[in-house]
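Here's a quick tour of one protein model. Have a look at the structure, then follow the notes below.

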Amino acid sequence: MDYAESLNLSLQEQLKHFNETLITPGSVKIAGRLVRMVGMTLEVVGTFAPIGSRCQILSHDLPPIEAEVIGFNDDRLFLMPIGDTQGLSPNARVLPMEGGVKVGVGMAMLGRVVDGSGWPLDSLGPISVEKYVSLAGERINPLSRHPITEILDVGVKAINGLLTLGQGQRVGLMAGTGVGKSVLLGMMTRYTNADIVVVGLIGERGREVNEFVRHNLGEEGLKRSVVVATPADDPPLMRLHGAMLATAIAEYFRDQGLNVLLLMDSLTRFAQAQREIALAVGEPPASKGYPPSVFAKLPQLVERAGNGSAGSGSITAIYTVLAEGDDQADPVVDSARGVLDGHIVLSREIADSGRYPAIDVESSISRVMVDIASKNQLEQARKFKKLYSSYQQNKDLISVGAYRKGTDPIIDAAIAKQPDLNLFLSQDISENFSIDDSLTALDTALMS
Ligand SMILES: Nc1ncnc2c1ncn2[C@@H]1O[C@H](COP(=O)(O)OP(=O)(O)OP(=O)(O)O)[C@@H](O)[C@H]1O
Ligand SMILES: [Mg+2]
């Protein structure tokens, strides 16, 4: 059904709009008119299009500009442009496009770097598309998802040993700026035993995209990866789409029966893009300037990762979450904790002390570890954390010499073991520890 039919317009009414109407075979589309632009929001009258659909804005001598319907008020539509708005003029014609937003995906995306619309950013030529999928994804019945039973090797011993991740798990990587998120993500991309890695670089600095692809990912890592990059200077809708596209690509590979590792840097920038859009259409801010729709969008994105139904592969997802000023009570951090199956916290204090990766094992948790790790490993991990924590809790006393040896056997053991525990938690960028290597290293660290 086309727009005119769906609104039951009489023939006369349609004729009245004739001048504003563009006829294509089998459909009648009524073009609207751009009447106002405030910030990034365009107000359009005279046409009808559902939320989430796309429109083309036609100016005289410019290529069409695409915009997405993000809201409405009475007969006014609010649109947000997907690309550059340079050259937009009042009264430009706005033409709704058919169908939902689809994106092309395919095996040829491997080794490529694309933008939020799926266009190549590298200079390796066009990418052949196998099929078009919905940007918003298809919902999977939660009961038909197969449970998390297999371990995913990420090549980092502190995670493999103490915070074991399962195939299909979704975890947050909570950290402030500059404490080693990108380096850690790069290590996981290169060393994981996942079949495919999809990296979404959302809203970060443009310079970082190149740096991540060249240094953190490297040639070897890029071969089995797809990178979707929407840097901070992209319009908010593009950044939102970047995160959704990365997820759609991961879904495509999962549906081919492959185990995918999806790395999203960062979920906070995704939330901030949604905040910009929601505020632009007049939604009132609630928590720390974030309107409520942000907290509805987060689970919508995150729920798309995970295991598929029987026969398909899995998407294990790691979302970095910026704890601004290392504030763990930030509303996005809080909300992410609730929707994810675990979190790995990177600590500035640890990074400042020179230990990388700066994983704070006391504050981190993998909620599925108990289901997938062996009894022996769980026992060793528990022992490790107990020794590590008792040292941390008494660190001040120990460092000023106020603790007297022999007072508490656990603290004595913790002090004796501290160098071994720290050695286990440190890992050089170029080192790869498989699950087996990690467990051996854990046993060695705890050997008395
Ligand atoms: N495993 C490691 N070994 C040695 N140094 C490391 C390691 N991980 C991180 N670093 C150091 O920390 C610095 C910052 O790391 P990185 O760029 O990954 O941080 P980030 O959290 O991604 O920062 P931003 O918030 O700016 O994106 C690196 O330049 C590097 O010097
Ligand atoms: Mg970074």
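A nonpolar core is a set of buried Ala, Val, Leu, Ile, Met, Phe, Trp, Tyr and Cys residues joined through side-chain atoms within 4.5 Å. Buried means under 20% relative accessible area, exposed means over 50%, and partly exposed is in between (1.4 Å probe, protein chains only). Keep in mind that this is a predicted model: local features need pLDDT of at least 70, side-chain atom pairs count only at pLDDT 80 or more, and totals for chains, interfaces and linings use all residues. Residues are numbered from 1 along each chain as its sequence is written, and side-chain values use heavy atoms, with hydrogens and water left out.

**The cores**
- The largest nonpolar core has 58 residues, and Ile159, Leu162, Met188, Ile318 and Phe384 have the most contacts inside it.
- Leaving aside residues up to four places away in sequence, Ile159 touches Val154, Thr164, Leu165, Met188, Ile344 and Ile359 (contact means heavy atoms within 4.5 Å).
- There's also a second, separate core of 54 residues, with Met80, Val114, Ile196 and Ala250 among them.

**The magnesium site**
- Ser182 (OG) and Glu208 (OE) coordinate the magnesium ion (ligand 2) at 2.0 to 2.5 Å.
- Donors are N, O and S atoms within 2.8 Å of the metal (3.2 Å for Na, K and Ca); water is not among the atoms, so sites may look incomplete.
- Ser182 and Glu208 are both buried.

**Around Ala108**
- Ala108 is partly exposed, with a relative accessible area of 33%.
- Ala108 touches Ile127 and Ser128, not counting residues up to four places away in sequence.
- From C-alpha to C-alpha, Ala108 and Pro126 are 9.5 Å apart in space, and they sit 18 residues apart in sequence.

Methods
Chains lettered and ligands numbered in written order.
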